[in-house]
Amino acid sequence: MNHDGCPVLDALADYHRRDYANFCPPGHKQGRGTDQPVLDVLGADVFRSDLLATGGMDDRLSRGKVLEQAQELMADAVGADQAFFSTCGSSLSVKSAMMAVAAPDDVMLIGRDAHKSVIAGLTLTGIRPAWVRPRWDAELHLAHPPSPETFEQAFEDHPDAVGALVTSPSPYGTCSDLEGIAEVCHRRGKPLIVDEAWGAHLPFHDDLPTWAMDAGADVCVVSIHKMGAGFEQGSVFHLQGDLVDPVRLKQSADLLSTTSPNVLFFAAMDGWRRQMVRHGSELLGTALRLARSARGEIDGLPGFNVLEDRLVAKEASHDLDRLQIMIDTLDAGISGYQASDWLRAERAVNVGLSDHRRIVAQFTFADDKQSADRLVTALADLTRTSLPAPRSVVLPRPEDLELESVMTPREAFFAAQETVPAEQAPGRIAAEQLTPYPPGIPAILPGERITAGVVDYLRSGVAATMDVPDAADPAVRTIRVVRTA
């Protein structure tokens, strides 16, 4: 296909050229009614290009097929059969994929390192999860992605499973052996869904981890805003093969998505696709070299250890996205939370992820030597700064995180509930999910039997400034549990 055009951007340009008079939403009328202080911050062009997708960007019957053409170009760019744009983030896209594969009470194999959006999908749909455990690194206190062998065993244990879902790359940049997992699924005629929210860039450079479609996935979900150049909430789910019904997938997305999609999201995704087809290999190659240089400089700073080879060693991850720089702060005597807070407050530098002993600095093709030098300089300044000793986080044993599933997430969410003091929660069945964020992987799911170890971990984590935003009590003084008879 010819990738020189951008159907959405071209339609927007035509819209501006014709200078329509609008007696339809949005009510700000392309910014004419927007308060000046708002325009001073957001800019007039944001409102000028905020218009209806149907009856604005395209006519009332979508006869221009603007969005359809943009999606076809996206699929062609990455080698998928079909692509679907979403303006509700990958959180919606992954739910759509789940609904396309499984019905209520169907069993699906799901990596327990899944994002909280997957748990929301289970709660909405009534799909029964068969959890596939990640590989725990007891020294680093890090979960490596599940292996093909664990999915093989899971299918042996649950032969009625209708498919599998795996998250790769993880928010830390670690990757599963997707080709091996796809082979396990396809040998049984079952589809593989990949939550590849952190991997939108992977198709466009050979030195990046294998793109899910190339590895044989049937559906993969990507967030264009994470490692691409889309707006927040811009997401695409890709489809290939004949194991997932494309009509069912599209209808599932329609059930969940908004009827008022933001055209700005479509335009950014459309433009990014053209940029990657034209210049992606060059841009990402430059970014990889920049990240490699920054990785070496950061690793040379006192107290900081950049994790790389350790993450792809035997029994660890299959691959690593080296645009994600994982920095261990343990030897510096500070927590990742402290490092993140200091960098933001004192040097106006934000990092994407922090935990009790790590931060992750995310590089993309948008970075340059100036931004890389700013990060390295800020980290160097941090090593010369005296911070209070971090609050201790009670780190659970792996078995303390492998909670027993007593009810499905849906059953527990809709069950009669009560709130109990956290110290009384062990042994009870959780009615809510409690998720350290980021990375957004729940420590406790609805339907799981709570252990003392995981409660101690969360409460000590909160005391050390861990964020658990989805808990009814974010301080984790109390926990919602299923009411006993």
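Where does Lys29 lie in this chain? Lys29 lies in the loop between helix H1 and helix H2, where helices (H or I, at least four residues) and strands (E, at least two) are DSSP runs numbered from the N terminus. This is a predicted model, in which local features need pLDDT of at least 70 and side-chain atom pairs count only at pLDDT 80 or more, while totals for chains, interfaces and linings use all residues. Residues are numbered from 1 along each chain as its sequence is written, and side-chain values use heavy atoms, with hydrogens and water left out.

Lys29 has a positive phi of about 55° although it is not a glycine. Its relative accessible area of 24% makes Lys29 partly exposed, a class that falls between buried (under 20% relative accessible area) and exposed (over 50%), computed with a 1.4 Å probe and protein chains only. Pro26 also has its place in the loop between H1 (7-18) and H2 (36-42), and the peptide bond leading from Pro25 to Pro26 is cis, with omega near 0°.

Ala348, found in the loop between helix H12 (336-347) and strand S14 (353-354), has a positive phi of about 50° although it is not a glycine, and with a relative accessible area of 53% Ala348 is exposed. A cis peptide bond with omega of about -10° joins Tyr437 and Pro438, and Pro438 lies in the loop between strand S16 (417-421) and helix H16 (452-463).

From the loops we can turn to a sheet. Seven strands form an open sheet in the order S1-S10-S9-S8-S6-S2-S3, with mixed pairing, where two strands pair if DSSP finds at least two bridges between them. Strand S1 (82-86) and strand S3 (128-132) stand at the edges with a single partner strand each, so one side of each is left without a neighbour in the sheet. On average, neighbouring strands of this sheet are turned by 20° against each other, direction ignored; axes here are lines fitted to C-alpha atoms, for helices over the stretch in contact, and angles run from 0 to 180 degrees between N-to-C directions. S1 pairs with strand S10 (residues 235-239) in the antiparallel sense over five bridges, and the bridge partner of Ala83 in S10 is His238. Helix H5 (residues 89-101) packs on the sheet, and among the strands that H5 touches are S1, strand S2 (107-111) and strand S9 (219-223); contact means heavy atoms within 4.5 Å. The direction of H5 makes about 170° with that of S9.

Leu301 is buried, with a relative accessible area of 14%, and, not counting residues up to four places away in sequence, Leu301 touches Val376, Leu379, Ala380 and Thr383.

Finally, consider the protein chain as a whole, which has 16 helices and 17 strands. Its radius of gyration is 23 Å, close to the 23 Å that the globule rule gives for 485 residues, so the chain is as compact as a globular protein of that length; this radius is taken over C-alpha atoms, and the rule is 2.2 Å times the number of residues to the power 0.38. Buried residues make up 55% of the 485 residues in the protein chain. Among contacts between residues at least 6 apart in sequence, 69% join residues at least 24 apart.
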